[in-house]
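Q: I have a model open and want to learn how to read its features. Can we go through a few?

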Amino acid sequence: MNTSETGDLINSPSQFFFRNSAALCKVYSQRSLPDFALHQTMGSSAPKACLRVQGTEIVDADGKRVILKGTATGGHTNMENFITGYPGHEHEMRAALLEVLGPQKYDFFFDRFLSYFFTSSDAKFLKSLGLNCVRIPINYRHFIDDLNPSEIKASGFVLIDRVVDACSAEGIYTILDMHTFPGGQNQGWHSDSGIHKALFWEFKDFQDRMVNLWVEIARRYRDNTWVAGYNPMNEPGDPEHYRLQEFYKRVEKEIRRVDPDHILFLDGNTYAMDFSGFKEVLPNCVYSIHDYANMGFPGNEQYRGTEEQKEFLRKTYERKAAFMKEHKVPIWNGEFGPVYANQQSDGDGWEEINRWRYELLGEQLRIYRGDEISWSIWLYKDIGFQGMVYANPDTAYIKLLQPFFEKKKRLGLDKWGRDDKHVGHIYQPVVEHFREEIPERFLNKRYPPHWRVEGQINRVLRDMLFSDISCYEYASYFEGKTEEELDELAASFKFENCVTRDGLNEILRADAALDSV
């Protein structure tokens with residue numbers, strides 16, 4: 001869709017998301033949204049009713065167990081730095097690109113990017129692997145302008161409808177995942193707050209906005225039985241722990257007023273790893289862990305299939321899943337998966353690295369099969385680091401930005417899969433300075449504690465400051481591009497222009513075949 005600028009720019013991050021497109025940016029007040037058309041279930045073979053929780057299982061209308069196995073469209077309706085290659089945070093990158101491209105070309109590029117990234121071809125490919133569910137990460141800014149938070153932008157529904165419709169046409173369920181929140185629900189880059197604090201928990205106004213948004217999303221999809229449910233908050237990071245429980249109770253109650261049937265998928269606290277603050281279970285809710293293994297990332301002990309490593313994987317999973325087992329409710333692993341090497345970045349040993357990463361993934365799936373849990377691997381599509389498919393190195397986007405990608409990797413700007421072999425000597429003296437000057441009992445007191453002081457320093461210096469400034473360099477690669485060239489760049493993410501990671505996909509295909517719906 002080609003759109004044009006018709007209004008004045010406003011200095012709000014949300015204004016960088018479909019700012020003035022006549023086709024997509026119509027806004028509806030809270031009063032008029034109930035009149036906005038419901039998104040009906042598509043297809044003659046649509047499920048008769050919503051999936052629901054029955055004891056420790058998810059079941060369909062006939063009471064038949066359904067094990068959801070799928071992936072997530074990260075990088076699409078919520079972009080992340082390592083997925084498409086920019087530094088820092090999505091709203092900062094968008095601001096830099098708007099400055100370089102101007103309003104018309106900016107709208108053109110992102111309209112095309114969002115149209116190409118996930119289409120019916122992607123859904124057909126996932127169906128061919130036997131996967132039956134797609135998690136859709138969402139940036140709240142597609143729906144809410146921070147300077148006008150009482151209005152909901154219909155453009156958000158247009159974007160999500162596309163993915164839901166493409167998946168339902170192939171008999172694939174979807175889970176709607178709110179990945180970002182005003183002020184940030186956690187301290188990481190993927191909450192797109194641009195800061196290292198989770199201010200969402202400090203402001204009731206932020207909480208009110210998101211409860212209202214979830215009510216309208218639930219109202220929209222309440223009759224769509226291909227929507228498996230709602231994931232109200234990705235990876236919460238509540239330092240006080242109890243505020244998350246209060247938010248879940250509140251949002252569950254309000255969603256049920258308009259949609260009593262859909263499942264809610266509730267992440268644990270501290271990045272979906274900690275249920276120690278959870279005291280009760282809510283009705284028709286599935287509880288979600290995220291189960292990444294450090295042995296599948298650079299800079300850590302690498303997986304070699306030892307019995308000790310296998311036992312560590314199992315114990316880590318069991319610790320996270322203990323709450324669900326105690327309360328006899330279903331378990332959903334909403335994110336997991338290693339990252340992968342390539343010859344250009346990792347040299348001649350890249351295939352051996354990936355062989356062990358596949359072995360690690362296979363061992364995790366064996367653990368999950370033991371409890372017959374649902375899962376969603378992270379992630380579907382990217383530029384070649386973790387995705388099931390990735391933009392071909394010969395596409396315009398990769399060829400244009402490869403020098404920047406290499407520089408960003410050398411500088412270790414992205415936390416995800418960071419390798420410090422080139423710059424560790426620069427940051428280590430800063431870490432040592434902190435260790436020398438701060439009493440040991442306070443050194444790792446700051447939440448989240450598993451980041452330790454090194455992670456806190458890197459978050460501020462690299463993930464935020466260095467990356468924010470580097471957004472301008474990233475954007476400079478787009479200078480002078482015509483609409484034809486921008487279309488070619490965006491089309492780099494079309495399924496037809498991507499490479500499939502066959503080693504990974506065959507593992508997923510084999511596991512999905514064990515529990516086909």
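Q: Is Arg-141 buried or exposed?
A: This is a predicted model. Buried means under 20% relative accessible area. Arg-141 has 5% relative accessibility, so Arg-141 counts as buried.

Q: Which residue forms a salt bridge with Arg-141?
A: Asp-146 does, and the closest N and O atoms are 3.8 Å apart.

Q: How many salt bridges does the count come to?
A: The count comes to 36. One of them joins the side chains of Lys-48 and Asp-62, at 2.8 Å from N to O. This pair links distant parts of the chain, 14 residues apart. Lys-48 sits in the loop between β1 and β2, and Asp-62 in the loop between β3 and β4. Lys-48 and Asp-62 are both exposed.

Q: Where do Glu-307 and Lys-310 lie?
A: They lie in helix α8. They are 3 residues apart, so about one helical turn separates them. Glu-307 is exposed at 57% relative accessible area, while Lys-310 is partly exposed at 25%. Elsewhere, salt bridges that share partners join Arg-141, Asp-146, Asp-192, Asp-205 and Arg-209 into one network.

Q: What describes two packed helices?
A: The angle between their axes and the distance between the axes. Here, the axes of α2 and α14 come within 9 Å and cross at roughly 40°. That makes α2 oblique to α14. The crossing is right-handed.

Q: Which residues form a nonpolar patch on the surface?
A: Val-460, Leu-461, Leu-465, Ile-469 and Tyr-472 do, with about 450 Å² of accessible area together. Tyr-472 is in helix α14. Tyr-472 is partly exposed, at 48% relative accessible area.

Technical notes: Residues are numbered from 1 along each chain as its sequence is written. This is a predicted model: local features need pLDDT of at least 70, side-chain atom pairs count only at pLDDT 80 or more; totals for chains, interfaces and linings use all residues. Side-chain values use heavy atoms; hydrogens and water are left out. Patches are made of residues with over 30% relative accessible area and no salt bridge: like charges are joined within 9 Å, nonpolar side chains (Val, Leu, Ile, Met, Phe, Trp, Tyr) within 5 Å. Accessible areas come from the Shrake-Rupley method with a 1.4 Å probe; for residues, only the protein chains shown count as cover. A salt bridge is a side-chain nitrogen of Lys or Arg within 4 Å of a carboxyl oxygen of Asp or Glu. Helices (H or I, at least four residues) and strands (E, at least two) are DSSP runs, numbered from the N terminus. Buried means under 20% relative accessible area, exposed over 50%, partly exposed in between (1.4 Å probe, protein chains only). Axes are lines fitted to C-alpha atoms, for helices over the stretch in contact, and angles run from 0 to 180 degrees between N-to-C directions. Angles under 35 degrees count as roughly parallel, over 145 as roughly antiparallel, 65 to 115 as roughly perpendicular and the rest as oblique. A crossing is left-handed if the near helix is turned anticlockwise from the far one by less than a right angle, and right-handed if clockwise.
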